[in-house]
Amino acid sequence: MAESIQSLDQLSTIKPVAAEAPKYVQKIDKQGRAYATGKRKDAVARVWIKPGSGKIVINDRVIETYFARPVLRMLIQQPLTTASRSSQYDVICTVSGGGLSGQAGAVRHGISKALTYFEPDLRTVLKRGGFLTRDSRVVERKKYGKAKARRSFQFSKR
């Protein structure tokens, strides 16, 4: 505090200190890959991205065999198509936990984070699409005295 303010009129003369935008740097390992972890529900995906032809391998299987449903395959490829990098990167990932839908969401989240580590300029595009936000919705736990998390047992007057 170099100077003190005596009245409200002097408040308008002070210039605010502009906050600098954070600089994001490229995070690549020795093999030239970017690594990120994606999560969704109970599923956790470890994703590696490297320059290539656009091949996606999940748990040592091709995406078409691991995710048979086209909706899940489209969900996984959303960050790559939004950033228009669908045929520029090879994706290798291991995913565990949860069901297929949660695993697809975890892989999508991991791909998005790995893309920002490889190319920090893509962060604004992916952030605007909502791909970098971790979907924090998880299954509510079962409570005692209830059939499920909130469902009560059937009531009968007899």
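I am working from a predicted model.

**Entry 1: aromatic pairs**

I took Y35 and W48 to begin with. Their ring centres lie 5.1 Å apart. The planes meet at 40°, so I logged the pair as tilted. The reasoning needs the cut-offs: under 30 degrees would be stacked and over 60 edge-to-face, with the rest tilted.

Next I checked where the two residues sit. Y35 is in strand β1, residues 34–40. W48 is in strand β2, residues 43–51. The pair therefore ties together parts that are 13 residues apart in sequence.

Y35 has a relative accessible area of 35%, so I put Y35 down as partly exposed. W48 comes out at 17%. The limit for buried is under 20%, so W48 is buried.

I then turned to Y66 and F67. Their rings form an edge-to-face pair. I read 4.9 Å centre to centre and 80° between the planes. Y66 is buried, and F67 is buried too.

**Entry 2: a charge over a ring**

Which residue lies over the face of Y24? I found R123 there, at 4.4 Å from the ring centre.

**Entry 3: P79**

I looked up P79 and found this proline in helix α2, which spans residues 70–82. The relative accessibility of P79 is 0%, so I count P79 as buried.

What does P79 touch, beyond its neighbours within four places in sequence? I listed R108, I111, S112, L115, L126 and F131. I followed up L115 from that list. P79 and L115 are 36 residues apart in sequence. Their C-alpha atoms are 8.4 Å apart in space.

**Entry 4: strand pairings of β5**

I went back to β2, the strand that holds W48. β2 pairs with strand β5, residues 89–96. I noted the sense as antiparallel, with eight bridges.

I58 has C93 of β5 as its bridge partner.

Note on methods
Residues are numbered from 1 along each chain as its sequence is written. This is a predicted model: local features need pLDDT of at least 70, side-chain atom pairs count only at pLDDT 80 or more; totals for chains, interfaces and linings use all residues. Side-chain values use heavy atoms; hydrogens and water are left out. Rings of Phe, Tyr and Trp (its six-membered ring) pair if their centres lie within 6.5 Å; planes under 30 degrees apart count as stacked, over 60 as edge-to-face and the rest as tilted. Helices (H or I, at least four residues) and strands (E, at least two) are DSSP runs, numbered from the N terminus. Buried means under 20% relative accessible area, exposed over 50%, partly exposed in between (1.4 Å probe, protein chains only). A charge sits over a ring if NZ of Lys or CZ of Arg is within 6 Å of the ring centre and within 35 degrees of the ring normal. Contact means heavy atoms within 4.5 Å. Two strands pair if DSSP finds at least two bridges between them.
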